[in-house]
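Dear colleague,

Please find below the structure that I am handing over to you. My notes on what was found in it follow directly after.

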Amino acid sequence: MEKKKYYLTTAITYTSGKPHIGNTYEIVLADAIARYKRFLGYDVRFQTGTDEHGQKIELKAQEAGITPKEFVDGVAGEIKRIWDLMNTSYDRFIRTTDADHEEQVKKIFKKLYEQGDIYKGEYEGLYCTPCESFFTQSQLVDGKCPDCGREVQPAKEEAYFLRLSKYQDRLAKHIEEHPEFIQPEPRKNEMINNFIKPGLQDLCVSRTSFQWGIPVDFDPGHIVYVWIDALSNYITGLGYDADGNHGELYNSYWPADLHLIGKDILRFHTIYWPIMLMALEIPLPKQIFGHPWLLTNNDKMSKSKGNVIYADDLVDIFGVDAVRYFLIHEMPFDNDGSITWELVVERNNSDLANVLGNLVNRTISMSNKYFGGIVENKNVTEPVDDDLKKVAVETPGKVAEKMDKLRVADAVTEIFTLLKRCNKYIDETEPWILAKDESGKDRLATVLYNLIEGIRISANLLSSFMPETAEKILSQIHAESCDQEGLDKGFGQYVSGTKVTDSPEILFQRLDVDEVMEKVLALEGGAKTPDSNEGDEDGAGVIDIEAKPEITFDDFMKMQFQVGEILSCEAVEKSKKLLCSQVRVGSQVRQIVSGIKKWYTPEEMVGKKVMVLVNLKPAKLAGVLSEGMLLCAEDAEGNVVLMTPEKPVPAGSEIC
């Protein structure tokens with residue numbers, strides 16, 4: 001009998017920089033779903049990848065002094081490295097610079113144009129470079145981009161447009177008739193009430209103001225804009241052909257069963273993408289799930305805020321499966337989750353080291369101590385066994401029920417409920433007491449068998465979420481892995497008479513939060529780890545610079561330092577080093593030129609609170625007037641960082 005197909009995708013990651021742990025959450029979540037579907041017996045196709053075109057990439061490549069392709073090759077490689085580090089089981093890592101993808105995007109664009117769903121016009125509006133989006137004045141929030149909160153700039157250019165309005169009623173009907181199409185429910189209501197009901201405006205789908213993109217082959221000068229380019233990956237990665245000569249994968253797996261995306265790009269996937277597919281006369285995906293964000297201390301991660309956490313740093317301290325567990329377990333179904341180093345330590349110690357690791361270690365150790373490692377079911381039962389068996393038998397079904405609704409965190413909680421029940425069973429049966437009486441030997445053997453069987457069931461269920469840990473557990477108890485069908489056979493499938501390992505491995509070590517935070521400081525450059533080869537006496541971690549002549553207090557008082565807020569920033573033409581910022585200091589706006597282009601992009605500068613030397617005599621740098629100086633710090637390698645206030649203060653606050 002042929003397996004049922006299941007096609008799952010993540011959003012493709014934008015190649016503007018290294019992904020942080022909030023970005024990494026999505027691939028881990030998707031991997032857990034993909035692995036679980038395979039566990040249920042599905043033939044799964046799992047696709048992820050990178051979005052590599054656009055103006056922001058072009059600017060970053062220019063700043064780095066390399067070609068856009070060289071830039072995205074490096075970033076895409078880093079993204080793939082982290083996805084692999086997290087042990088994700090994707091089938092294809094697609095890149096929008098892949099030749100097969102680019103070819104089909106050109107054909108899709110041309111097909112939509114020839115059938116009248118794309119037309120040529122002119123766009124005039126307010127453009128956000130980081131989001132690569134146009135907005136009307138009414139769409140702005142406090143005069144800024146409604147998506148990222150950054151400054152927007154007026155822009156006008158010739159462009160092609162996709163007729164969203166033509167398909168508005170059809171899309172609304174589809175959403176109404178398929179209540180599972182957009183999940184969770186609040187996301188669906190947001191799309192209907194905020195975008196569809198007010199009326200859809202036709203979508204700009206080409207650009208002429210930059211070159212890094214897939215060219216519109218019938219109109220030189222235009223490049224295909226991000227929406228048609230990036231969103232099409234879900235079908236081009238399967239071998240979709242706009243001429244109708246589709247590949248075997250497309251015929252087997254489309255329509256997608258699930259697009260897993262962040263809630264911030266829901267509009268693109270639930271409005272633009274379905275309308276593109278309708279225009280191409282392609283079936284729509286079955287479900288689009290907009291997952292919540294992972295925040296740091298309930299604040300969105302941002303390099304400018306200094307609160308970014310990276311997956312590889314977490315893995316260095318906790319290990320892959322501990323990080324996977326945290327990401328999966330800590331994220332609510334439809335509300336944002338939060339991560340801190342301290343919280344990861346807490347979960348590692350309480351759930352992984354104590355509930356899981358200690359259970360496995362204690363049970364194997366008792367089997368070795370009392371029976372030489374041989375686990376036998378002597379069938380000497382007592383009423384207390386019934387509840388353990390009931391929980392063990394019901395857990396696979398409860399996990400399946402939660403996973404069917406994409407309540408992945410709840411599914412993992414069900415597995416740990418079984419593990420906790422096993423721990424409670426040890427306290428109830430007191431094996432160490434049974435071991436003291438020869439007449440209790442068969443009862444003791446039965447108790448240990450029941451525990452090993454509970455662990456076996458738990459390990460197989462954990463294989464979708466913590467695959468390396470599940471494999472280690474099954475190896476230590478010498479049990480075969482099985483799928484859902486195997487668990488459906490009920491309690492007691494562990495082969496009686498099997499010998500467990502002589503020396504159980506500690507699965508998760510308890511960690512000291514202070515020691516972990518010292519390592520975190522070292523990762524961030526704030527301190528050295530205790531086992532560092534560099535001693536404090538050699539001056540590691542500090543810098544000595546040549547002393548300048550002493551000044552008097554009166555000299556110091558001549559300088560006026562204030563807090564400024566960067567309103568906008570742009571690169572200085574014909575300069576490799578300079579950025580020109582418009583900085584609000586109190587009620588005034590000053591233009592300040594700084595040689596920090598190597599370390600900051602214009603987009604990263606916007607919104608920062610900085611320290612400004614206000615009464616520096618104005619001067620021209622590269623022909624551009626500068627009316628002050630931004631204060632920075634420089635390390636031994638010449639890397640520069642802006643000096644920013646420790647806590648939020650109003651622009652114009654005096655620094656004294």
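In which helix do Lys173 and Glu177 both lie, and how many residues apart are they? Both belong to helix α5, with a spacing of four residues, about one turn of the helix. Helices (H or I, at least four residues) and strands (E, at least two) are DSSP runs, numbered from the N terminus.

Before the details, two remarks on the source. This is a predicted model, in which local features need pLDDT of at least 70 and side-chain atom pairs count only at pLDDT 80 or more, while totals for chains, interfaces and linings use all residues. Residues are numbered from 1 along each chain as its sequence is written, and side-chain values use heavy atoms, with hydrogens and water left out.

Salt bridges

The side chains of Lys173 and Glu177 meet in a salt bridge at 4.0 Å, N to O; the term stands for a side-chain nitrogen of Lys or Arg within 4 Å of a carboxyl oxygen of Asp or Glu. Glu177 is partly exposed, at 48% relative accessibility (buried means under 20% relative accessible area, exposed over 50%, partly exposed in between, with a 1.4 Å probe and protein chains only). Elsewhere, salt bridges that share partners join Lys18, Glu78, Arg81 and Asp312 into one network.

The structure holds 42 salt bridges. One of them connects Asp117 with Lys166, the closest N and O atoms being 2.9 Å apart. This pair links distant parts of the chain, 49 residues apart: Asp117 is in the loop between α4 (99-114) and β5, and Lys166 is in the loop between β7 and α5 (168-177). Asp117 is buried, with a relative accessible area of 2%.

A further salt bridge joins the side chains of Lys144 and Glu151 (3.8 Å, N to O). Lys144 is partly exposed at 25% relative accessible area, and Glu151 is also partly exposed, at 24%. Asp142 is found in the loop between β6 (133-135) and β7 (153-162); Asp142 is exposed, its relative accessible area being 75%.

Sheets

An open sheet is formed by four strands in the order β6-β5-β7-β9, with antiparallel pairing; two strands pair if DSSP finds at least two bridges between them. Its edge strands are β6 and β9 (203-204), each of which pairs on one side only. Strand β5 (residues 118-128) pairs with β6 over three bridges in the antiparallel sense, and Leu126 stands opposite Phe135 in β6.

Another open sheet has three strands in the order β10-β12-β11, again antiparallel. β10 (206-207) and β11 (214-215) stand at its edges with a single partner strand each, so one side of each is left without a neighbour in the sheet. Two antiparallel bridges pair β10 with strand β12 (residues 223-224), where Ile223 stands opposite Arg207.

Surface patches

Patches are made of residues with over 30% relative accessible area and no salt bridge, like charges being joined within 9 Å and nonpolar side chains (Val, Leu, Ile, Met, Phe, Trp, Tyr) within 5 Å. Ile551, Phe556, Met557 and Met559 form a nonpolar patch on the surface, with about 380 Å² of accessible area together (Shrake-Rupley method, 1.4 Å probe, only the protein chains shown counting as cover for residues). Met557 lies in helix α21 (residues 553-557).

With kind regards
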